[in-house]
There are 2 protein chains.
Amino acid sequence: MKRILQNINILFDLTNEELAVLEQSLKIVTLKKNDLFLEAGTICEQIAFLESGCMRLFFDTPKKEACSDFYFENAVVGSFASFLNKSPSIVNIAAIESCELLVLSHNSVMELTTNYSKLSLLADSIIREQFLKAEKRESSFLVQSPEERFKNLLEEHPKIFKRVPLHFIAGYLNITPETLSRYRAKFLV
Amino acid sequence: MKRILQNINILFDLTNEELAVLEQSLKIVTLKKNDLFLEAGTICEQIAFLESGCMRLFFDTPKKEACSDFYFENAVVGSFASFLNKSPSIVNIAAIESCELLVLSHNSVMELTTNYSKLSLLADSIIREQFLKAEKRESSFLVQSPEERFKNLLEEHPKIFKRVPLHFIAGYLNITPETLSRYRAKFLV
DNA sequence: TTGATTTCTTGATTTGAATCAATTCTTTCC
DNA sequence: GGAAAGAATTGATTCAAATCAAGAAATCAA
């Protein structure tokens, strides 16, 4: 059984039936580096659990690609704004490394959450998590300086620097790669 | 009947029973200018519909209050992150003007959404809306310059400038009041 | 392996916004 | 109504990060 299913099972104590239907609904998808999971302008029709690899969410901009979020093993991947509203996405999501995803279609999600109460709890819990993340992210822009954001990321998620190209991290922090490079030199990373 | 209930009724075509239970659950609260609806560190135990007046959401920071969102008539007010997770809020919400609020407790929301399908749809729709808003807001920081954010706000929500003190707007745009003042002079507002 | 991209670093310069400071304009409320 | 507090403007200066510009290092592909 996939690691992600194990984790979900541990947290939500699924019945055999729930586990079975969830497993049947999940489609395994592999992406190569740089492959798009979601393209801005299209509707996010699916949500995925990231079994292995890492990905990034980014906005299109004239000059650069404004990287905005990273996903690692066990993350839930997708644009909830687009998925839930069935509206065109304003974000892209792409693989940074080769990735293995367990994908749920919109229909599957609806079916699973309406018919299985524990899966509905799982969905709720994922949604709740998103709200926390969004609030923290917004606060980071409003209350921290770029340098503070850098130090904070370094402290809380040092592994990101091992796996993600620095120019993506620069985008996430909303600074240029040059500035990130100087921060790194300054703090002896 | 309160305007907000009318609007909800129009959108969701409630039954008489639904309308009645919703109305019974709503508690009318009035706030004076600067009164707090939610204080950072406490759990957001209630969500409100703003019947009249306007409010702001802001983060605590050492120097300034980093204003982050505004609410006007018909808005849904609260920290979803704190409300849904029952976790301490990292945001404050306060009245900018005298406000009349229709308040729902956490229990009421749970009861209403589990027992009345149309009210559950209403809740879902509010949640969906939040995701769209959060994604747009994040994109504004990553893809727009401060000056572009200003011009955009001026174009899309000119009335904000009529009702909200400028230093709050400056916080929302993540610039100083001085800079906002100069933008205004530059664009002849 | 080597040549070619791409990524990262380092330096010099520019620039936009913050800061500091002073004044005017508005509210608020005794 | 007038004093006091708060909000907004305007100017001078500083500063942090962007930009511009090479190079170095690493990755990729032929």
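User: What makes A:Lys86 count as exposed?

Analyst: A:Lys86 has 11 C-beta neighbours inside 10 Å. The cut-off for an exposed residue is 12 or fewer, so A:Lys86 counts as exposed. Please keep in mind that this is a predicted model.

User: Where is A:Lys86 placed?

Analyst: You will find A:Lys86 in the loop between α3 and β7 (91-95) of chain A.

User: What is said about the phi of A:Lys86?

Analyst: The phi of A:Lys86 is positive, about 50°, although the residue is not a glycine. As background, most residues other than glycine have a negative phi.

User: How do you know whether B:Lys86 is buried or exposed?

Analyst: We count again: 11 other C-beta atoms lie within 10 Å of B:Lys86. With the limit for exposed at 12 or fewer, B:Lys86 is exposed. In chain B, this lysine sits in the loop between α3 and β7 (91-95). The phi of B:Lys86 is near 50°, a positive value in a residue other than glycine.

User: And why is B:Ser82 called buried?

Analyst: B:Ser82 has 23 C-beta neighbours inside 10 Å. A residue is buried at 20 or more, so B:Ser82 counts as buried. B:Ser82 belongs to helix α3 (residues 80-85) of chain B.

User: Which residues does B:Ser82 touch, not counting residues up to four places away in sequence?

Analyst: With those set aside, B:Ser82 touches B:Ile43, B:Cys44, B:Ser87, B:Pro88 and B:Ser89. For another sense of distance, take B:Gln130: 48 residues in sequence lie between the positions of B:Ser82 and B:Gln130, and their C-alpha atoms are 14 Å apart in space.

User: How is chain A divided into domains?

Analyst: The domain assignment gives domain 1 (3-142) and domain 2 (144-189) in chain A. Over C-alpha atoms, the centres of these two domains are 25 Å apart. Their contact takes eleven residues from domain 1 and eight residues from domain 2. On the domain 1 side, β4 (55-60) and β5 of chain A each give two or more residues, and β5(A) gives the most, with five.

User: How do you know that chain A and chain B have the relation of a two-fold axis?

Analyst: A rotation of 180° with 0.0 Å of shift along its axis superposes chain A on chain B, with an RMSD of 0.0 Å. That is the relation of a two-fold axis. The same surface serves both copies, as 100% of the contact residues of chain A recur in chain B.

User: How many residues does the contact take from each chain?

Analyst: It takes 24 residues from chain A and 24 residues from chain B. On the side of chain A that touches chain B, β5 (65-71), α3 (80-85) and α5 (117-143) each supply at least two residues. There α5(A) gives the most, with twelve residues. By class, that side of chain A has 14 nonpolar, six polar and four charged residues.

User: Which residues are the closest to DNA strand C?

Analyst: DNA strand C is surrounded by 16 residues, and the closest are A:Leu166, A:Ser181, A:Ala185, B:Thr176 and B:Thr179. A residue is near a strand if its C-beta atom lies within 6 Å of it. Of the elements at this surface, α9(A) gives the most, with six residues.

User: What about DNA strand D?

Analyst: DNA strand D also has 16 residues around it, the closest being A:Thr176, A:Thr179, B:Leu166, B:His167 and B:Ser181. At this surface α9(B) gives the most, with six residues. The residues near DNA strand D divide into six nonpolar, five polar and five charged.

How values were computed
Residues numbered from 1 in each chain as written. Chains lettered and ligands numbered in written order. Predicted model: local features only at pLDDT ≥ 70, side-chain atom pairs only at ≥ 80, totals over all residues. Helix = DSSP H or I, 4+ residues; strand = E, 2+ residues; numbered from the N terminus. Nonpolar A, V, L, I, M, F, W, Y, C, P; charged D, E, K, R; others polar. Contact = placed C-beta atoms within 7 Å. Domains from an automatic or database assignment. Least-squares fit on C-alpha atoms with pLDDT ≥ 70 in both.
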